[in-house]
Amino acid sequence: MRGCERAGVADGGRDKKLSTLSLPAQFPSRALPSSKKVAKLTLWPLVAATFFMVSGGTYGTEDIIHGAGYGRGILILLLTPVLWSLPTAFMIGELSSALPAEGGYYAWVRRAMGNFWGFQEAWLSLVASIFDMAIYPTLFVAYLSRLIPWFGVGHRGVIVGLTVVAACALMNIAGIRVVAISSLWLFFLLSLPFALIVLIAPLKMGALSGVVTTPTTSTVGLVGGLLICMWNYMGWDNASTIAAEVRRPQHTYPKAMILAVLVVSATYILPFAAMWLTGVPASSFETGSWAELAGLIGGSVGGPLLARGFRVALVLGGMMSAFGMFNALVMSYSRLPLAMAEDGMLPRAFGKLHPKTRAPWVAILVCAAGWALCLGLNFERLVTLDILLYGASLTLEFVALVVLRIKEPTLRRPFRVPGGTLGAVLLGVCPVLLLGFSAFHGESEQVLGMSGLAFGLLLVAGGFLVYGLKATLSGRGWFGTAIKSQRKAA
């Protein structure tokens, strides 16, 4: 499950003047010397954080196999990263290496196309986060209630959800390395039971072909499985917003994106391939079924004790997945208000940093409070709506890639998409076609009495109105002028 799952700083090994000289005059450099030594992320902590911003593990992919079967489902899981994730990873690799700016994709679009489109990019991401972020604490409570039903009674679940939000906010204020290193450990812990399934399954080839499982209620078909697969493979650009806090981002980001695509793909494909070997029917899969199915494998090897151990491990893994996704995405989304405040697009208060950890504590607290208020609304997972909003912002990023190739051909790009400008254009073709397909499919999904596509377009149009309101308030002095970043080049 993704998380749904998004700065210029000069590389220590290159000309210190480059990041300033390559910026247009209207967008001054935000790299400012600082007396504080800020902890920087290295390769594998960045890969782990990206893993949770995109995926969070095998959870949430079950309906793909239910709708498409093992063969076609695994084929979809193999082809989607090639047609959808790798082009996005290459785009992020080039733009992050050329412009490792605070705010990532917002900064790229703003530099390429100006303030208006930069604001729309941030608007789309923050609005999508309303539908995305409120679900993770709820998922945490759902898994916890499977172990201890007491937490699912009355308002106890809401209290636990608020505790998750508060804990993640505090961890983020404690610093970026706290979030990234915890992501690394959570990745290993939640992956362990799936790794055991992959190792045990060949020893039980065909042994579970006649097993009787709990009847499923999933109605997902082949098309629905493809949309769920796209949803589980989206969110790569979320990692770009923390580029100012990554060590040598020009070199680290391209490697991290490719490694993250491989890791996420493996965590999706290998467990299903292993279950295929055991003979468990594909129709047995639906969201939340991993605990029961893993228990069947454990029971066939070590009896009831191991079966229960597998079930508990998978439920704990679900809790870790939900917590890790929320925690990593708080880190990502909170950098958008920070970057916008530095550009004079939001009030300056959002640009305040913690004096020790340099975390944007005001942005973190305001965002966390907004998501906490949504916990009681019981948003259902609207995959099509999520893909539409994310897809609109992703399309702007691919356009920014091409526009910057044309406007700034001499911009230093340590990692470059091959094929020149034509290669940059072609890179976005498959992702945009897939997004168009998902938008067309959104006609059949209802939100507040209208199609998911129409509702999504209303949210997109809302960004235009909010920008006009912002321009009016700016004229009255509600917003400050652009300020320089308080961060130091790596």
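Me: How are helices and strands defined here, and how many does the protein have?

Reply: Helices are DSSP runs of H or I with at least four residues, strands are runs of E with at least two, and both are numbered from the N terminus. The protein has 16 helices and two strands. This is a predicted model, in which local features need pLDDT of at least 70 and side-chain atom pairs count only at pLDDT 80 or more, while totals for chains, interfaces and linings use all residues. Residues are numbered from 1 along each chain as its sequence is written, and side-chain values use heavy atoms, with hydrogens and water left out.

Me: Where is Arg248 placed, and what is its phi?

Reply: Most residues other than glycine have a negative phi. Arg248 is not a glycine, yet its phi is positive, at about 45 degrees. Arg248 lies in the loop between α9 (222-232) and α10 (249-278).

Me: Which loop holds Arg358, and what is its phi?

Reply: Arg358 belongs to the loop between α11 (290-342) and α12 (361-373). Its phi is positive, about 60 degrees, although Arg358 is not a glycine.

Me: Is Arg358 buried or exposed?

Reply: Buried means under 20% relative accessible area, exposed over 50%, and partly exposed in between (1.4 Å probe, protein chains only). Arg358 has 10% relative accessibility and therefore counts as buried. Arg248, at 43%, counts as partly exposed. Of the 490 residues of the protein, 59% count as buried.

Me: How is the angle between two helices read, and what is it for α4 and α5?

Reply: Axes are lines fitted to C-alpha atoms, for helices over the stretch in contact (heavy atoms within 4.5 Å). Angles run from 0 to 180 degrees between N-to-C directions; those under 35 degrees count as roughly parallel, over 145 as roughly antiparallel, 65 to 115 as roughly perpendicular and the rest as oblique. The axes of α4 (residues 105-113) and α5 (residues 115-133) come within 7 Å and cross at roughly 155 degrees, so the two helices are roughly antiparallel to each other.

Me: Which residues of α4 and α5 meet?

Reply: Tyr105, Tyr106, Val109, Arg110 and Met113 of α4 meet residues of α5, including Trp117, Phe119 and Glu121.

Me: What is the angle between α8 and α11?

Reply: Helix α8 (residues 176-200) packs against α11 at an angle of about 155 degrees, with the axes 9 Å apart. That makes α8 roughly antiparallel to α11.
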